[in-house]
Amino acid sequence: MKRCLLVLLVGTIACDAPPPATRVVADLVLDGSPGTLVDLRAAEEDLGVLLPVIASRPGSVLRVWGLPQDPADIRELAQVRSTAASRPAKRTVVAHERRFVQESTERLVPVISAYLSEARLTRSPIAESLARLLLAPVPPGTRRVVILDSDAAEESDLARFEAPRPLPTTEVFLARLDRAGILLSGSACGTTIVFAHCKPRPGSAALRRYDGIKSLWTAAANRAAAHLEFTTGPIPVEAVN
């Protein structure tokens with residue numbers, strides 16, 4: 001009887017335990033072009049949101065990328081991967097996650113600072129770089145989030161969003177993406193893309209341009225089946241969870 005009761009209790013505990021949290025692959029892309037308002041403080045705010053989530057889901061990864069002058073040169077600057085705590089006790093898990101966040105921050109901040117101080121960009125090939133980044137492998141069943149610390153102003157042979165040039169129409173922009181084979185229909189299915197620290201410049205004309213840029217990216221993301229968000233501050237934790 002005691003043995004049967006023990007089996008029943010263990011079975012109950014196993015059934016009631018929550019399923020393992022979905023692993024996350026987060027790609028943080030830094031735009032070091034002159035026009036963007038992104039700086040080290042903004043990137044640190046994103047790390048403050050991302051790293052605790054990565055820590056709480058063992059096997060999750062945060063990769064940091066620097067936007068290049070030429071999209072073919074996009075490269076990963078650094079990455080951190082979380083691990084499980086040595087024991088499931090809550091105190092052990094909490095201490096393990098805090099240590100991961102602290103050590104990862106200490107590792108990533110100098111890398112980010114070096115990129116932002118050394119970047120000498122005269123272009124912002126956001127779309128082309130994003131397309132190449134999306135080719136980076138992600139394990140099946142993993143939630144993917146791309147965070148672009150950028151003003152979203154594409155400046156490349158594909159499109160020029162900076163004033164005073166007029167913005168392309170949605171039809172023209174999508175046609176150019178088609179010809180370049182970028183963000184094609186369904187190509188980013190299941191991916192969340194967030195333009196973080198993406199703030200309009202002062203003035204009514206700048207605000208209208210900002211809204212127009214958002215509209216163009218929204219059309220491209222919808223076609224690629226990606227979920228797109230814009231925020232004037234750091235990435236919201238809801239976008240990662």
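**Entry 1: ground rules**

I am working with a predicted model, in which local features need pLDDT of at least 70, side-chain atom pairs count only at pLDDT 80 or more, and totals for chains, interfaces and linings use all residues. Residues are numbered from 1 along each chain as its sequence is written, and side-chain values use heavy atoms, with hydrogens and water left out.

**Entry 2: the whole chain**

I started with the secondary structure and found six helices and six strands. Helices here are DSSP runs of H or I with at least four residues, strands are runs of E with at least two, and both are numbered from the N terminus. Reading from the N terminus, I noted the order α-β-α-β-β-α-α-β-α-β-α-β. The C-alpha trace spans about 80 × 35 × 35 Å along its principal axes.

I then looked at burial, where buried means under 20% relative accessible area, exposed means over 50%, and partly exposed is in between (1.4 Å probe, protein chains only). Of the 241 residues, 45% count as buried. For contacts (heavy atoms within 4.5 Å), I took those with a separation of 6 or more and found that residues 24 or more positions apart account for 78% of them.

**Entry 3: Asp27**

Is Asp27 buried or exposed? Asp27 counts as buried, at 0% relative accessibility. I located Asp27 in strand S1, residues 24–30.

Which side chains does Asp27 reach by polar contacts? My cut-off for a polar contact is a pair of N or O atoms within 3.5 Å; within protein, one must be able to donate a hydrogen and the other to accept it, and residues adjacent in sequence count only if both atoms are side-chain atoms. The side chain of Asp27 pairs with that of Arg63 at 2.6 Å, and a polar contact of 2.9 Å joins it to the side chain of Trp65. Setting aside residues up to four places away in sequence, I listed Arg63, Trp65, Leu133, Arg144, Val145, Val146 and Ile147 as touching Asp27.

Val146 sits in strand S4, residues 143–149, and is buried, with a relative accessible area of 0%. Beyond its neighbours within four places in sequence, Val146 is in contact with Asp27, Val29, Leu130, Leu133, Leu134, Thr191, Thr192, Ile193 and Val194. I also checked Arg75, 71 residues from Val146 along the chain: their C-alpha atoms are separated by 15 Å.

Leu130 came next, in helix H4 (residues 126–133). Leu130 is buried too, with a relative accessible area of 5%. Not counting residues up to four places away, Leu130 touches Val146, Leu183 and Ile193. Leu130 and Leu183 are 53 residues apart along the chain, with 8.5 Å between their C-alpha atoms.

**Entry 4: Thr231**

I found Thr231 in the segment after strand S6 (227–230). Thr231 is buried at 18% relative accessible area. Its side chain reaches the backbone nitrogen of Gly233 at 3.2 Å. With residues up to four places away left out, Thr231 touches Val194, Phe195, Ala196, His197, Cys198 and Pro236.

**Entry 5: H2 against H3**

How do helices H2 and H3 cross? The axes of H2 (residues 40–56) and H3 (residues 90–118) come within 9 Å and cross at roughly 150°. That makes H2 roughly antiparallel to H3. Axes are lines fitted to C-alpha atoms, for helices over the stretch in contact, and angles run from 0 to 180 degrees between N-to-C directions. Angles under 35 degrees count as roughly parallel, over 145 as roughly antiparallel, 65 to 115 as roughly perpendicular and the rest as oblique.

The residues that meet include Leu47 and Leu51 in H2 and Phe100 and Leu108 in H3. By class, I noted 13 nonpolar, four polar and two charged residues in this contact. Nonpolar covers Ala, Val, Leu, Ile, Met, Phe, Trp, Tyr, Cys and Pro; charged covers Asp, Glu, Lys and Arg; the others, Gly among them, are polar.

**Entry 6: H5 against H6**

For H5 (residues 170–180) and H6 (residues 204–223), the axes come within 10 Å and cross at roughly 50°. That makes H5 oblique to H6. Thr170, Phe173, Leu174, Leu177 and Asp178 in H5 meet Leu216, Trp217, Ala219, Ala220 and Arg223 in H6. I noted seven nonpolar, one polar and two charged residues there.
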